[in-house]
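Visitor: Could you walk me through this structure? I would like to begin with one residue and move on from there.

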Amino acid sequence: AARVQGLAEPGGIAITATVHDQIVHKLNVNCEDDGAHTVKNIADPVQIFHLRPSTARSFWRRGG
């Protein structure tokens, strides 16, 4: 988590592809693909996404 946090923009949120897959249909956010990154002590590159709020009202989708 600390290595992913280090890839986030100042004040932003970075997540892995695994987290993206779990939240993409549950939260009202835009996720920008930042590609695969090599991080310390992880053998394979990690796919990173940056979260962007879709609305100022709420991240949570209604009825879901």
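**A loop residue, a strand and the cores**

Guide: Asparagine 41 sits in the loop that runs between strand E2 (29-37) and strand E3 (46-53); strands (E, at least two residues) are DSSP runs numbered from the N terminus. The model is predicted, so local features need pLDDT of at least 70 and side-chain atom pairs count only at pLDDT 80 or more, while totals for chains, interfaces and linings use all residues. Residues are numbered from 1 along each chain as its sequence is written, and side-chain values use heavy atoms, with hydrogens and water left out.

Visitor: Is asparagine 41 buried or exposed?

Guide: Asparagine 41 is exposed, with a relative accessible area of 65%. Buried means under 20% relative accessible area, exposed over 50%, and partly exposed in between (1.4 Å probe, protein chains only).

Visitor: And what is its phi?

Guide: Phi of asparagine 41 is near 65°, a positive value in a residue other than glycine. Most residues other than glycine have a negative phi.

Visitor: Let us change topic. Which side chain does histidine 37 join in a polar contact?

Guide: Histidine 37, which is in strand E2, has a side chain joined to that of aspartate 34 by a polar contact of 2.9 Å. A polar contact is a pair of N or O atoms within 3.5 Å; within protein, one must be able to donate a hydrogen and the other to accept it, and residues adjacent in sequence count only if both atoms are side-chain atoms.

Visitor: Where is isoleucine 48, then?

Guide: Isoleucine 48 is in strand E3 and is buried, with a relative accessible area of 0%. Not counting residues up to four places away in sequence, isoleucine 48 touches several residues, among them Val4, Leu7 and His37; contact means heavy atoms within 4.5 Å.

Visitor: Which residues make up the largest nonpolar core?

Guide: The six residues are Ile15, Ile23, Leu27, Val29, Phe49 and Leu51. A second, separate core of five residues includes Val4, Ala14, Val39 and Val46. A nonpolar core is a set of buried Ala, Val, Leu, Ile, Met, Phe, Trp, Tyr and Cys residues joined through side-chain atoms within 4.5 Å.

Definitions and conventions
Helix = DSSP H or I, 4+ residues; strand = E, 2+ residues; numbered from the N terminus.
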